[in-house]
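Good morning, and thank you for making time for this presentation.

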Amino acid sequence: MKLSQKIEEKFFKVMMIFSTYFILLILALIIYTIFEKGIKAMSWEILTQVPQGGYYYGKGGGILNAILGSLSLAFGATILAFIIGLPVALYINVFLIRHKKLVNLIRFILDLIWGIPSIVYGAFGFTLMIFFGLQTSLLAGILTVTLFILPIMIRSMDEILRTVPIGLQEASYSLGSNKSETAFRIFTRQSFSGIITAVLLSFGRAIGDAASVLFTAGYTDNLPNSFLEPVATLPLSIFFQLSSPVPEVQDRAYASALVLTLIILLVSLFSRGIGKRYHKTKINF
Amino acid sequence: MHLLNRQQRHVVNYSWMIISLLLVALLPFFLFLGLYLKSFLLIHDYSIIDLIFSKEWRPSSGKFGFYPFIVGSIWVTVLAMLISAPICLLTAIYVTQYTQKRFLRIMHPAIDILAGIPSVVYGLWGILVIVPFISKYLGPWCGVKTMGYSIIAASFVLSIMIIPFILNILIEIFRAIPTELKEAALSLGATPWQTIKHVLMRKALPGIIAAFGFGLARAFGETMAVLMVVGNVVRLPKNVFDPGYTLPALIANNYGEMLSIPKYDSALMFAALLLLAVSLFFNLIMHFFIVRYNKY
C-alpha cells in the first residue's frame, strides 16, 4: 500500500470516530446544560403553583398552569389522532394488502405531510379557527396538534402493522372472521407493543412542539378548565419567560425546560419498557 | 349482548376507516387551499415575483418584500447542512461498517433522545451555550464584533437538530446494502476505505442525496430554535456573523399584531404557503431518489 493511501485510510477513520463521539458529546452537553441550569432554578413552588401577581417581574408563583395545560393538550391531541390514525393504519394493511400501488401512494402522501413544518400547521390551524369563529383555545390547540402528529402516528403504526405475517391474516379469515374483525381484533393484538410505542412517540411530539400552538392555544395564567378557553403550554412558557429581562423569570424558564425535557425522557424510556414487556402477547412465527 | 350484529359492526368500522383515510389523504390539499385563500388578498394585489424579490418590508405602509427572509432562511439552512452533512455521513459509515452491533444499541437511544428534545429546548441551549461561544470566542477569533445572535448561531443549533433525522435515514441506507458487495470488493484487495469510497458510497448515493434533501426541507421549516438565536433583524446579512431573519421566524414573531395592519395576516399566510410549497417540493423530489435507490 502506498503511503498516501495509508494516510487517507487513517485520516478518514479518525474523522469518523471524531464525528461519532462529537454527536454523543453534544448530546451529553445539552442534557448537562439543561439539568445544571434547571435543577438550580427548581423549587416546589414552581411545580405546584400558578403565576401570582407580579410573576413576570420576578414575584412568586409557578408553572403549574403550563404543565397541566401541556399535558391536557397533548393527551387530547394524542387521543384524537389515535381515533383517526389507527383505522387508517389498519385499513392500509388489512383491506388494501392486494393493492400495492395504492398503499404506496398513501404512504407517500403521509410522508409528504410528515415533512410539513409545524409552523405551517400553526398558520393553517389559525385560518381554520378564524373560519369557524373560534377563539384561541384548548380545542383549537388540540385540533392543530392532532393534524401535526397524525402522519407521525399513522406511519409509525404502519411500520409495525406491515410486519404482521400474511399467514395470521389467512388463519383469521379461515376461522370465519371478516376483515374488520381481523383488523381490530387480530392485528391490534399482534402489534400491541408497536401501537403503544407509536402513541407515546406522538405524545412526545405533541407536548414538545411550540410553533403549532403559538397561534392556536393562546396563553393564560389560569389552570385549564374549559375546551373553549386559552391554555398555557410548557414550550411557550419557556419561550416567553426566556425573553424577559428579569433574571428570576429567566431562571424559571430553565426550570420549565427541565420539566419538559424530563417528561419527554420519561415518555421515551416508558415506550422502550413497554416494547419489551408486551412481547409475550405476540405470536412468533 | 352486542348492540349491533356482526355485519352492522363491520359497516360501522369500515366507514370509520374510509372517513379517516379520506381526511388524511386530503389534508395536504386542504392545507394548500386554506393558506392560498387566506393569502389571496396579497397575491391578488402584488405579483408573486415582486413579493419574493422585493427587499422592502414595511407592513404599515403596505410594502411586503420577502427577499430578506428568504435569503436568511437559505443562509441558515445551507450552512446548517454544510456542518451537519459530513458529520452524519461519517458517523453513519462508522457505525454501520466499523463497529459491532452492540455499539448501535448505544447509538440508537442517543439518536432517539436527540430527536425527541423539543425545539424550544434546543433554542434555550443555543442561547446558553452557542450564543456566548460565538460572541466571546468565535467572533473575536475571526476578527468580527458580534452580539452572538447571528446566522451562524442559528446554523449551529439547527445542524445539531437535524443530525438525528439525517443520521437515522443514512444508517438505514447503509445497513440495507448487501454484504456481498463489500465482501467482493475486499476480496479483490481493496482497503476498507477504498471499499467504502468506491463501492458503498456509489451504491448508496441516491439514498444519501435523499437523506440530505429531507434534512434540508426539515431545516428550512424549523421555527422556534432558529427564532430564539438568529437575531431577528430585517436586513440582508453581509456575513454569517450578522443577525438575520427567517421565514418561519417571521410568521411566529408577528402573530400578535397581524390583525391590526391591513393585509398583514395575508402576508404571513403567504409566508406559510411558501414554506409549505418548499417543503412539499423537496420531499417530492427526494422521494424519487429513494424510489430509484430501492430499484437497484
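**Domains, interface and a loop in chain B**

In chain A, the centres of domain 1 and domain 2, taken over C-alpha atoms, are separated by 31 Å. Please keep in mind throughout that this is a predicted model. The domain assignment of chain A places domain 1 at residues 3-41 and domain 2 at residues 55-281. How many residues of these two domains are in contact? Domain 1 of chain A contributes 6 residues and domain 2 of chain A contributes 7. On the side of domain 1 of chain A that touches domain 2, there are 4 nonpolar residues, 1 polar residue and 1 charged residue.

Let me turn to chain B. Here the assignment gives domain 1 as residues 6-45 and domain 2 as residues 49-295. Their C-alpha centres lie 30 Å apart. The contact between these domains of chain B draws 10 residues from domain 1 and 10 residues from domain 2. The side belonging to domain 1 of chain B divides into 8 nonpolar, 1 polar and 1 charged.

Along the sequence, the order is α-α-α-β-β-α-α-α-α-α-α-α-α-α. Taken along the principal axes, the C-alpha atoms of chain B fill a box of roughly 75 × 70 × 40 Å. Of the 296 residues in chain B, 46% are buried. If we take contacts in chain B between residues at least 6 apart in sequence, 75% of them join residues at least 24 apart.

Next, the interface between the chains. Chain A provides 64 residues to the contact and chain B provides 62 residues. Which element gives the most to the side of chain A that touches chain B? That is helix α1 of chain A, residues 3-41, with 18 residues. This side of chain A comprises 46 nonpolar, 13 polar and 5 charged residues.

In soluble globular proteins, nonpolar side chains tend to be buried together. In this model, the largest nonpolar core has 179 residues, and those touching the most other members are A:A123, B:V157, B:L170, B:V229, B:A271 and B:A272. Helix α7 of chain B, residues 151-176, gives the most to this core, with 19 residues. As for B:A271, its contacts beyond four places in sequence are B:F66, B:L247, B:L250 and B:I251.

B:N232 sits in the loop between α10 (224-229) and α11 (247-253) of chain B. Its phi is near 55°, a positive value in a residue other than glycine. Is B:N232 buried or partly exposed? It is classed as partly exposed because 18 other C-beta atoms lie within 10 Å, whereas a buried residue has 20 or more.

B:P243 lies in the loop between α10 and α11 of chain B as well. B:P243 has 21 other C-beta atoms within 10 Å and is therefore buried. Although B:P243 and B:G231 are 12 residues apart in sequence, their C-alpha atoms are 4.7 Å apart in space. Beyond four places in sequence, B:P243 touches B:M147, B:Y149, B:S150, B:V230, B:G231, B:N232 and B:V233. The partly exposed B:N232 is thus among the residues that the buried B:P243 touches.

Conventions. Residues are numbered from 1 along each chain as its sequence is written. Chains are lettered from A and ligands numbered from 1 in the order in which they are written. This is a predicted model: local features need pLDDT of at least 70, side-chain atom pairs count only at pLDDT 80 or more; totals for chains, interfaces and linings use all residues. Helices (H or I, at least four residues) and strands (E, at least two) are DSSP runs, numbered from the N terminus. Ala, Val, Leu, Ile, Met, Phe, Trp, Tyr, Cys and Pro count as nonpolar, Asp, Glu, Lys and Arg as charged, and the others, Gly among them, as polar. A residue is buried if 20 or more other C-beta atoms lie within 10 Å of its own, exposed if 12 or fewer, and partly exposed in between; C-beta atoms are placed from the backbone. Domain bounds come from an automatic or database domain assignment. A nonpolar core is a set of buried Ala, Val, Leu, Ile, Met, Phe, Trp, Tyr and Cys residues joined through C-beta atoms within 7 Å.
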